[in-house]
Amino acid sequence: MATWKTLLLQDSSSPLMEQLAFFHDHTLMVLTIITILVGQLMLSLFFNKFTHRYLLEGQLIEVIWTILPAITLIFIALPSLRLIYILDETNNPLLTIKTIGHQWYWSYEYSDFKNIEFDSYMIPANEMKSWNFRALDVDNRIIIPFKTQIRMLVTAADVIHSWTIPSLGTKIDATPGRLNQTSFLSNRPGLLYGQCSEICGANHSFMPIVVESISPGFFIKWITKMTQS
């Protein structure tokens with residue numbers, strides 16, 4: 001979860017987010033090198049006294065400053081393409097959860113089990129406990145087992161929403177009449193916070209997402225309790 005003075009990315013909770021963070025650092029390094037080189041060239045142009053009255057063309061330097069940006073773009077494009085395919089891959093999911101976006105709350109269905117479905121509303125300010133986060137906590141969290149591949153099917157009942165958990169590296173649009181799919185895996189137990197990231201109406205800011213990652217043993221106990229209730 002993002003806190004005060006968080007200037008960089010959130011700590012990753014999945015292999016996907018780790019790869020996204022690596023790509024971010026790689027691209028930032030390339031941009032830093034470009035900025036330093038271009039800045040140094042501009043400063044040298046401003047402050048040197050060199051003149052050349054008969055310089056009309058320079059084919060060699062033109063070839064160089066055409067090829068170098070192309071090579072730089074390749075260094076950015078190849079890791080980006082690799083990451084796109086990794087994010088789109090679904091690796092034998094052991095659990096499927098269906099998510100439905102509404103104005104302005106989420107509904108969840110555990111379709112692998114009998115009749116496990118519930119709505120998830122933001123906890124209002126007048127009902128918050130001392131350990132709750134304002135505009136981020138919900139009354140019913142999504143429960144998932146860590147170290148387990150999970151498939152998320154996402155749709156919407158009214159307008160376009162977007163199911164987003166930054167620390168999982170997951171962002172997928174919930175579109176009415178369309179079923180989108182994403183896949184993720186949580187590395188560790190904990191609470192993972194997110195929000196709808198598609199402007200969906202007046203209360204867009206008040207439909208948060210909370211994922212609770214627990215051990216597979218406790219998850220089986222939770223599923224057993226939910227199916228018996």
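In which helix is the place of phenylalanine 75?

Analyst: Phenylalanine 75 lies in helix α2, residues 59-88; helices (H or I, at least four residues) and strands (E, at least two) are DSSP runs, numbered from the N terminus. The model is predicted, so local features need pLDDT of at least 70 and side-chain atom pairs count only at pLDDT 80 or more, while totals for chains, interfaces and linings use all residues. Residues are numbered from 1 along each chain as its sequence is written, and side-chain values use heavy atoms, with hydrogens and water left out.

Phenylalanine 75 counts as exposed because its relative accessibility is 54%; buried means under 20% relative accessible area, exposed over 50%, and partly exposed in between (1.4 Å probe, protein chains only). Phe75 belongs to a nonpolar surface patch with Leu60, Ile61, Val63, Ile64, Trp65, Ile67, Leu68 and Ile71, and together these residues have about 910 Å² of accessible area. Patches are made of residues with over 30% relative accessible area and no salt bridge, where like charges are joined within 9 Å and nonpolar side chains (Val, Leu, Ile, Met, Phe, Trp, Tyr) within 5 Å. The areas come from the Shrake-Rupley method with a 1.4 Å probe; for residues, only the protein chains shown count as cover.

In the loop between α2 and β1 lies asparagine 92. Asparagine 92 has a positive phi of about 45 degrees although it is not a glycine, and it is exposed at a relative accessible area of 68%.

Strand β1 (residues 95-102) holds threonine 99, which counts as buried because its relative accessibility is 0%. Apart from neighbours within four places in sequence, threonine 99 is in contact (heavy atoms within 4.5 Å) with Trp106, Ser107, Tyr108, Met152, Leu153, Val154, Thr155 and Trp163.

Alanine 135, in the loop between β3 and β4, has a positive phi near 65 degrees and is buried, with a relative accessible area of 14%.

The count of salt bridges (a side-chain nitrogen of Lys or Arg within 4 Å of a carboxyl oxygen of Asp or Glu) comes to 1. Glutamate 212 and arginine 141 form a salt bridge at 3.3 Å, N to O. The pair links distant parts of the chain, 71 residues apart: glutamate 212 is in strand β10 (residues 208-214), and arginine 141 is in the loop between β3 (116-120) and β4 (142-145). Glutamate 212 is partly exposed at 23% relative accessibility, as is arginine 141 at 27%.

Disulfides (pairs of cysteine sulfur atoms within 2.5 Å) number 0. The sulfur of cysteine 200 is 3.9 Å from its closest cysteine sulfur, in cysteine 196, and therefore too far for a bond. Cysteine 196 is buried at 5% relative accessibility, and cysteine 200 is buried with a relative accessible area of 5%.
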